[in-house]
Amino acid sequence: MKSWLCCIGWVAVAVMTSAACGDSDPPTGTGGAGGTGGTGGSGGSGGSDAGAVCDNPDAGKLTTVVCTTMNECDGVTYTGTMPPAYTCNGSKSTKYPDSPNACRNDSDCAIINTGMVREIVREIALGCRSYEPKEGVSEAERIAACKVQADCNTNDVKRITAMKIMEPGISDACGACYTGIALCSIGFCLMECVGGADLIECVKCQFQSGCRTVYEKCSGLDRQE
């Protein structure tokens with residue numbers, strides 16, 4: 001469990017901001033974006049992964065791109081030919097029962113299982129890129145900008161899922177998991193995911209970079225293999 005708790009930069013931001021759920025109205029984007037997390041109970045047979053890059057998470061190499069830091073030990077080789085389907089219900093994850101299970105509750109799963117969250121998160125992630133830290137800024141400025149970008153994503157996921165799907169919208173904790181995979185995909189898989197979150201190149205990149213593994217551990221959604 002130690003590795004995923006510190007493996008992405010947005011988690012460090014979320015420590016300070018995960019309770020935020022303001023009514024800010026940052027711009028939302030249009031067009032392609034970095035890939036986002038899968039939706040519960042939708043999609044085709046996803047295949048399986050070929051195992052972790054390394055067995056000891058503490059020995060994994062860390063790579064930071066913009067606001068996201070990934071541990072190579074979370075990367076896996078995905079062998080499926082279609083995006084994976086996920087199980088989402090009010091029970092704990094069978095694969096990661098001791099993880100936060102942030103999305104494994106009846107309210108979040110009712111929203112996730114509509115299959116609409118993925119596209120909403122994709123568009124929000126594009127719009128929130130306007131808050132990305134500029135190249136060459138100080139570390140303090142980078143962290144501050146990353147905090148604003150993470151807040152933008154998490155707040156809008158809650159607000160827009162409430163508006164377009166059902167009240168009360170995705171919870172803050174579950175929304176932070178979607179923020180994580182959105183920022184990770186933009187940082188590590190933008191070219192592969194620019195045409196859509198369900199492109200197999202995007203999905204494979206998300207697994208290889210570790211974005212999907214961290215999302216699954218955070219959300220508690222069980223991938224159907």
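Is Glu139 counted as buried, partly exposed or exposed at 47% relative accessibility? In this predicted model, Glu139 counts as partly exposed, because its 47% falls between the limits of 20% and 50%. Its salt-bridge partner is Arg142, with the closest N and O atoms 2.8 Å apart. Arg142 is also partly exposed, with a relative accessible area of 21%. Both residues lie in helix H5 (residues 139-164), three residues apart, or about one turn of the helix.

The structure holds nine salt bridges. Another of them joins Arg122 and Glu119, at 2.2 Å from N to O. This pair sits in helix H4 (residues 117-127), and three residues, about one turn of the helix, separate the two. Arg122 is buried, at 9% relative accessibility. Glu119 is partly exposed, at 36%.

A further salt bridge links Lys217 to Asp74, with 3.3 Å between the closest N and O atoms. Lys217 belongs to helix H8, whereas Asp74 lies in the loop between strands S3 (68-71) and S4 (76-78), so the pair ties together parts 143 residues apart in sequence. Lys217 is buried at 12% relative accessibility. Asp74 is buried at 2%.

Helix H8 spans residues 211-219. Nine of its nine residues are buried, so the helix is largely enclosed by the rest of the structure. Among them are Cys211, Tyr215 and Cys218. Gly220 follows H8 and has a positive phi, near 85°. The C-alpha atom of Gly220 is separated by 8.3 Å from that of Thr94, 126 residues away along the chain. Thr94 is placed in the loop between strand S5 (86-87) and helix H3 (106-112). Thr94 is exposed, with a relative accessible area of 71%.

Key: Residues are numbered from 1 along each chain as its sequence is written. This is a predicted model: local features need pLDDT of at least 70, side-chain atom pairs count only at pLDDT 80 or more; totals for chains, interfaces and linings use all residues. Side-chain values use heavy atoms; hydrogens and water are left out. Helices (H or I, at least four residues) and strands (E, at least two) are DSSP runs, numbered from the N terminus. Buried means under 20% relative accessible area, exposed over 50%, partly exposed in between (1.4 Å probe, protein chains only). A salt bridge is a side-chain nitrogen of Lys or Arg within 4 Å of a carboxyl oxygen of Asp or Glu.
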